[in-house]
Amino acid sequence: MSDITPTPIAVLDFGSQFTHLITRRLRDAGIYCEIFPPSIDTNDLIARGARGVVMSGGPSSVYDHDRPRFNERILDLDLPILGICYGFQLMAHLLGGEVVPGHVKEFGRADLLVNGKSLLFDGLDPSQVVWMSHGDTVARLPPGFSRVASTADCPNAAAEATGAKRYGIQFHSEVAHTLHGGEILANFALKICGCAPVWNPRSSIDLIADYIRESVGDRNVFVLVSGGVDSTVLFLLLNRVLGQERVRGLSVDTGLLRPADVEFTKTFLDANGMDNCTFVDARNEFLSALDEVADPEQKRTIIGRLFLDVKDRALAEMQLDPQNWLLAQGTIYPDVITSGASANASVIKTHHNALPSLEGMEVLEPLRFLYKDEVRRLSSALGLPHEFTWKHPFPGPGIAVRIAGRITPSKISLYHVIDEIVLKSIRRSGWYERLWMGFPVLINMPESTTPDMGQPDATRDEVVARVNKRLDSATFDSVRVEASVLPIRSVGVKGDYRTYEHPVELRITTEGGSRYHVPHDILEALSTEIANRTSHVNRVLLAINWSGNPSAWRDIVVLRMLLSVDTLTADWAKLEHALLDEMATEIRAAGPSIDAVLLDITQKPPGTMEWE
Ligand code: XMP
């Protein structure tokens with residue numbers, strides 16, 4: 001990656017799902033940092049201007065033969081190094097300490113007592129809450145290290161060798177549950193490594209503007225404007241830096257977008273005097289290409305190909321000379337990092353937005369240095385309204401993957417009505433800005449039914465038994481649990497593999513027949529257990545409002561409400577029961593053919609965020 005600025009802190013990714021949180025916290029503290037593979041050459045670290053190194057956590061044990069490859073010469077560098085969890089264990093192991101494999105895992109909140117003076121904890125309360133998640137522990141510190149903090153279960157919760165500039169913490173400073181975690185990381189970067197807090201929205205705009213000017217030279221830039229935050233910010237930024245005459249935009253209305261989004265882009269650009277974006281209405285073309293197509297991968301492929309065709313035609317009309325025109329894409333930082341946990345993330349579905357180089361055009365990715373929240377700050381700085389700046393990501397194939405099965409104009413109209421209900425409810429209740437995405441999926445049951453069902457009866461009985469076991473015996477007697485394996489399928493991910501399996505639906509009612517509100521923590525445990533341990537099943541749906549039996553359901557609506565930091569993993573959001581009830585009632589009233597509204601309570605993995 002070509003750099004826009006030195007990288008004072010290098011974060012080595014040992015595969016923790018929290019690695020991106022480390023970099024985000026450091027950036028919030030004003031330190032530009034990036035993620036590198038632990039095998040990185042020391043010369044590369046120095047060349048990137050590293051003044052300190054953070055070794056992330058990870059799922060391995062230092063005793064695993066297949067632990068991530070680490071360039072041990074990094075430990076010889078005369079730079080401060082902070083090891084977090086596995087990073088600390090590895091550092092201790094390699095420097096002569098002793099790590100004991102832990103059979104009992106310490107997981108969750110712990111009270112940390114800082115019992116030494118350390119710059120890591122400078123200015124912080126000596127007693128603080130931290131978040132632990134580990135099996136192995138550092139039982140004996142390496143020579144030269146001294147203990148700085150402990151918890152009841154973990155004597156060496158933090159340790160340091162100030163002369164050698166080596167620091168280690170067993171807890172996860174990067175997660176929000178560690179109350180002063182951001183300050184601990186900032187102390188490392190600012191007070192121990194001596195970095196200056198110079199990364200902020202203002203400086204990032206200036207650095208990216210310089211990067212654009214330098215990469216483009218006296219050429220021009222073409223951009224595909226999808227209506228999402230990233231590509232719109234990119235278009236505005238390019239206009240601002242290069243001037244309208246040197247930038248051309250193209251926006252394709254596939255008919256699979258939210259109508260309000262298409263309208264917004266047009267109106268906003270118009271109001272700001274930008275007439276250098278061409279709008280192509282390709283709705284009919286997309287609709288006829290998708291006629292009678294029900295398979296999700298086929299839909300994605302058709303949409304991807306047609307999109308390229310439409311774009312090629314528009315480009316041919318524009319007659320842009322590839323020698324003089326670059327293609328700018330709105331790729332952001334999490335998309336370009338493929339080390340550790342994210343290595344195989346892209347094989348699950350065909351994403352059509354990563355376009356191959358067009359017509360031999362050189363590709364420019366000015367936002368590749370930024371996290372989503374940094375792009376949102378840029379969006380505000382460029383004058384985009386709050387509601388747009390906080391817009392949820394939207395998949396390239398649009399509602400074609402949110403309407404299961406065949407796409408028809410009447411399904412599209414019904415979908416828009418339901419989508420509006422959902423958006424309005426989550427906006428009004430304050431959930432919109434907390435969610436990564438919130439959207440409905442519309443499924444026509446008879447059309448989507450597949451014959452390959454495994455052993456539904458045995459599976460159903462197993463699921464009911466699991467639910468009953470989780471509900472305590474006091475509630476159990478007065479609660480009725482019904483479940484079935486729905487004869488439809490959705491995409492999921494297990495390990496690095498794509499699955500295309502069945503959802504289990506749960507209907508849990510009181511004796512009187514009304515819905516029983518199972519506490520969220522029980523639902524969470526249940527969904528993980530069911531989706532991971534039941535064969536042929538990759539999703540769990542909780543019925544919110546329904547009538548009749550699943551075998552007679554016509555249309556159903558699945559609500560997908562997600563929290564995520566890096567798109568690779570996601571939690572289902574615990575929306576209040578009353579809010580779910582209200583939404584479901586309104587949705588059912590909107591379409592007489594809708595026989596059930598269900599909440600998708602599947603984490604990613606094993607589900608993906610989208611249904612298809
Ligand atoms: P999944 O469903 O893979 O989604 O868990 C992760 C994120 O990616 C978005 N997504 C897409 N975005 N083209 C896109 O531009 C696509 O084909 C596509 N498929 C999924 C999804 O909305 C979520 O934010």
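**Terms and their grounds**

Reply: Strand β20 (residues 490-494) is mostly covered, as 4 of its 5 residues are buried. The model is predicted, so local features need pLDDT of at least 70 and side-chain atom pairs count only at pLDDT 80 or more, whereas totals for chains, interfaces and linings use all residues. Residues are numbered from 1 along each chain as its sequence is written, and side-chain values use heavy atoms, with hydrogens and water left out.

Me: Why is F121 called buried?

Reply: Buried means under 20% relative accessible area, exposed means over 50%, and partly exposed lies in between (1.4 Å probe, protein chains only). F121 has 5% relative accessibility and therefore counts as buried. F171 is buried as well, with a relative accessible area of 0%.

Me: What makes F121 and F171 a tilted aromatic pair?

Reply: Rings of Phe, Tyr and Trp (its six-membered ring) pair if their centres lie within 6.5 Å; planes under 30 degrees apart count as stacked, over 60 as edge-to-face and the rest as tilted. A search of the whole structure finds 10 aromatic pairs. In the pair of F121 and F171, the centres are 6.5 Å apart and the planes stand at 45°, which is tilted. F121 lies in the loop between β6 (106-114) and β7 (127-134) and F171 in the loop between β11 (166-169) and α4 (181-192), so the pair ties together parts 50 residues apart in sequence.

Me: Why is the pair of F264 and F388 called stacked?

Reply: Their ring centres are 4.7 Å apart and their planes meet at 15°, so the pair is stacked. It links helix α7 (residues 259-271), which holds F264, to helix α12 (residues 386-389), which holds F388, across 124 residues. Helices (H or I, at least four residues) and strands (E, at least two) are DSSP runs, numbered from the N terminus. F264 is partly exposed at 23% relative accessibility, while F388 is buried at 5%.

Me: How do you know that the charged end of R434 sits over the ring of W431?

Reply: The criterion asks for NZ of Lys or CZ of Arg within 6 Å of the ring centre and within 35 degrees of the ring normal. The charged end of R434 sits over the W431 ring at 3.8 Å from its centre. R427 likewise lies over the face of Y432, 4.5 Å from the ring centre.

Me: What makes β20 and β21 a strand pair?

Reply: Two strands pair if DSSP finds at least two bridges between them. β20 is joined to strand β21 (residues 497-510) by 5 bridges, and the two run antiparallel. Within this pairing, K494 stands opposite Y497 in β21.

Me: With which strands does β11 pair, and in what sense?

Reply: Strand β4 (residues 81-84) and β11 pair in the parallel sense over 4 bridges, with Y167 as the bridge partner of L82. Strand β10 (residues 158-161) is joined to β11 by 4 bridges and runs antiparallel to it; A159 stands opposite G168. Both faces of β11 are covered: R166 and G168 on one side, and Y167 and I169 on the other, are all buried.

Me: Why is α15 called roughly antiparallel to α17?

Reply: Angles under 35 degrees count as roughly parallel, over 145 as roughly antiparallel, 65 to 115 as roughly perpendicular and the rest as oblique. The axes of helix α15 (residues 456-470) and helix α17 (residues 520-533) come within 10 Å and cross at roughly 150°. That makes α15 roughly antiparallel to α17.

Methods:
Axes are lines fitted to C-alpha atoms, for helices over the stretch in contact, and angles run from 0 to 180 degrees between N-to-C directions.
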